[in-house]
Amino acid sequence: MPNLVNPHGGGKLKPLLLEGAALNEALQRARSLPKIKLSSREKGDLIMLGIGGFTPLDGFMTHADWKGVCDDFRMAGGLFWPIPITLSCTRQDAEPLKSGSEIALVDDESNDILAIMKIAEKYAIDKAHECKSVFKTTDAEHPGVKMVMAQGDINLAGPVQVLSQGGFPEKYGAFYMTPAQTRAAFAANGWSTVAAFQTRNPMHRSHEYLAKVAIEVCDGVLVHSLLGNLKPGDIPADVRTRAISVLIEKYFARKTVVQSGYPLDMRYAGPREALLHALFRQNYGCSHQIVGRDHAGVGSYYGPFDAHHIFDEIPSDALETRPLKIDWTFWCYQCGGMASARTCPHDEENRLLVSGTKLRKWLSDGDAVPAEFSRPEVLEILRAYYASIDAKDKIEVKLSGHSAR
């Protein structure tokens, strides 16, 4: 059997999701408990706790954990962790809750019961301090800052029993995989070394190049798509999934790629989020995390290679999963193919820089996309998606105009 990296913390996977009779009993008990609604971000974190993606956590963090993670990348007990995993509520909702009591955690949109939590602590935080630590900014325009500042004023800490995966298995089927399932898939392929490719976009030629470089040095690649909430204008998960699937089918050797999705929202935390990605990919069984230009960044809040540098700043034993750092990539017309700043000797005028932002703009504006930018089969799927948006917008405008008359 191949030897995959150990789950984070050096032990076994620690899924908190109940099953069978224990699940049925807990669901029955949860119906009579006080209820706290979860934001989309908190829901994703809870599901990751449930499936073992956040091994070895047993619930939402205490104040000492929060402070240690913000200031020193470590929880109170010394475990390396780069971003706080917290649950908030309003002061009004927190007031009647007592330490040691149980509450039901509920999906804010569907009202479905997702978990039972035993309250260990209630505490307030300095939200600006968290933002400055995690996002390197307190700018209200940063989507991650906006998310933190919109949280309730009180955090609730304590262990959880997770009762649901929030509809992700039903919506995405076999594409949605738990850490235990990806580890089983890697073992079935005979892989020991696996590079994770993080994406919230369809894969263009630069992404394809990064994944293929990783396949040259590892047994295989996990193309791991974010399935939670994104910022406005990003391409939905189901469209991304189809576009990535056709790329893998047409342009990758068989049994070199496992495609899957995970249930988190983007935090857009740049370097710190790159560390979180590596941490939970270790739980999924990946020995390496591909880290390209501006990993998990947004706007101009981070330098293009800050996510490279942060891996050199943490203790060498913090993570088993190692970064696979790759320089700026592009199509070079002189080289006649994809290249990077480390391999291409030609001037910038010979280079077509490839980015998801540029691709989305071209597609939304109906502009032509160079063949060197993205594969034709991928573009066909994306053009159909943007055409459907345009058609929907025209219908809405027409209906709006009709109703106004």
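**Aromatic rings and their surroundings**

Tutor: F168 and Y172 both lie in helix α7 (residues 168–172), four residues apart, which is about one turn of the helix; helices (H or I, at least four residues) and strands (E, at least two) are DSSP runs, numbered from the N terminus. The model is a predicted one, in which local features need pLDDT of at least 70 and side-chain atom pairs count only at pLDDT 80 or more, while totals for chains, interfaces and linings use all residues. Residues are numbered from 1 along each chain as its sequence is written, and side-chain values use heavy atoms, with hydrogens and water left out.

The structure holds ten aromatic pairs, where rings of Phe, Tyr and Trp (its six-membered ring) pair if their centres lie within 6.5 Å, and where planes under 30 degrees apart count as stacked, over 60 as edge-to-face and the rest as tilted. One of these pairs is that of F168 and Y172, which is stacked, at 6.2 Å centre to centre and with 20 degrees between the planes. F168 is buried, with a relative accessible area of 11%, and Y172 is likewise buried, at 14%; here buried means under 20% relative accessible area, exposed over 50%, and partly exposed in between (1.4 Å probe, protein chains only). Both residues belong to one aromatic cluster, formed by F168, Y172, F175 and Y176.

A further pair is that of Y262 and F280, whose ring centres are 5.0 Å apart and whose planes stand at 50 degrees, so the pair is tilted. Because Y262 lies in strand β10 (residues 257–262) and F280 in helix α11 (residues 271–284), this pair ties together parts that are 18 residues apart in sequence. Y262 counts as buried at 0% relative accessibility, and F280 is buried as well, with a relative accessible area of 0%.

Charged groups also meet these rings: the charged end of R281 sits over the ring of Y262, 5.0 Å from its centre, under the rule that NZ of Lys or CZ of Arg is within 6 Å of the ring centre and within 35 degrees of the ring normal. In another such arrangement, the charged end of R293 sits over the ring of W328, 4.5 Å from the centre of that ring.
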